Amino acid sequence: MRGKARIAAPAALILALSACTAGTGDTEQPLRGVLTTPTDLDLDWQDTRPSVAGHVLEFATEEAGPYTVLRYLAPQVTRYRPPDLMPHTTFHYRLRSYRGPTVRPVRVDRPDSIRFTWSDNSADEDGFLLELRKKNSDRYDPVAVLAPNTEATEFVPLPGERHAAYRVRAFVLGEQSNVVRLTTGE
């Protein structure tokens, strides 16, 4: 997540591994993980439910938590490699789906940012996502996480993003996946 609107920024991980257990890959355990080097791992999952608008990937160093959000991911994203893992550390990963309607916000371009406003018509949202669709792309990706009851934000686009399409999603978190446990080595 980037820009001034970031409230729940993804945590940058600096971790590592030596043993691993992972999900089984069935529909009850959709999250899987594997160590690819002593300090790199890959996570993947499948979730083809049409009502799912995306996923939240979380991690913790204890199975019971507390869990920290790594990324909000578009529904087309089914793989993730956490960056900069710390050696000799056990990590627990889990996935949460989210759902929710989108609206096209009112947009006001400023010299160094874009201001978006919208009406909060949701009664029970867990928050809002500002989503961006780049030119020549067919997918919206979350770029900012906003608190519940928010009706405005300011976003600083990267070069090439000023002409992107934007929308706002009121999201509600869904069920949690299985927990994948991986321990870095080295």
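This is a predicted model: local features need pLDDT of at least 70, side-chain atom pairs count only at pLDDT 80 or more; totals for chains, interfaces and linings use all residues.

Biologist: How many aromatic pairs does the count come to?

Modeller: Two rings pair if their centres lie within 6.5 Å. By this rule the model has seven aromatic pairs. One of them joins F116 and Y166, with 5.0 Å from centre to centre and 45° between the planes, a tilted arrangement.

Biologist: Is F116 buried or exposed?

Modeller: Buried means under 20% relative accessible area. F116 counts as buried because its relative accessibility is 1%. Y166, at 3%, is likewise classed as buried.

Biologist: Why is the pair of F155 and Y166 called edge-to-face?

Modeller: Planes over 60 degrees apart count as edge-to-face. The planes of F155 and Y166 stand at 65°, with the ring centres 5.8 Å apart, and the pair is therefore edge-to-face. F155 lies in strand β13 (residues 152-155) and Y166 in strand β14, so the pair ties together parts 11 residues apart in sequence. F155 is buried, with a relative accessible area of 0%.

Biologist: Which residues do ring pairs link into a cluster?

Modeller: Y72, Y98 and F171 are joined in this way.

Biologist: Which ring does the charged end of R94 sit over?

Modeller: The charged end of R94 is placed over the ring of Y67, 3.8 Å from the ring's centre. In another case, R167 lies over the face of Y140, at 3.8 Å from the ring centre.

Biologist: Which side chain makes a polar contact with the side chain of R139?

Modeller: A polar contact is a pair of N or O atoms within 3.5 Å. The side chain of R139 makes such a contact with that of D141, at 2.9 Å. R139 itself is in the loop between β11 (127-133) and β12 (141-146), and it counts as partly exposed because its relative accessibility is 29%.

Biologist: What does R139 touch beyond residues up to four places away in sequence?

Modeller: R139 touches A74, Q76, V77, L132 and R133. For Q76, 63 residues from R139 along the chain, the C-alpha atoms of the two are separated by 7.9 Å.

Biologist: Where does T183 lie, and which side chain does T183 contact?

Modeller: T183 is part of strand β15 (residues 180-183). The side chain of T183 makes a polar contact with the side chain of T90, at 2.7 Å. With a relative accessible area of 10%, T183 is buried.

Terms used: Residues are numbered from 1 along each chain as its sequence is written. Side-chain values use heavy atoms; hydrogens and water are left out. Helices (H or I, at least four residues) and strands (E, at least two) are DSSP runs, numbered from the N terminus. Buried means under 20% relative accessible area, exposed over 50%, partly exposed in between (1.4 Å probe, protein chains only). A polar contact is a pair of N or O atoms within 3.5 Å; within protein, one must be able to donate a hydrogen and the other to accept it, and residues adjacent in sequence count only if both atoms are side-chain atoms. Contact means heavy atoms within 4.5 Å. Rings of Phe, Tyr and Trp (its six-membered ring) pair if their centres lie within 6.5 Å; planes under 30 degrees apart count as stacked, over 60 as edge-to-face and the rest as tilted. A charge sits over a ring if NZ of Lys or CZ of Arg is within 6 Å of the ring centre and within 35 degrees of the ring normal.
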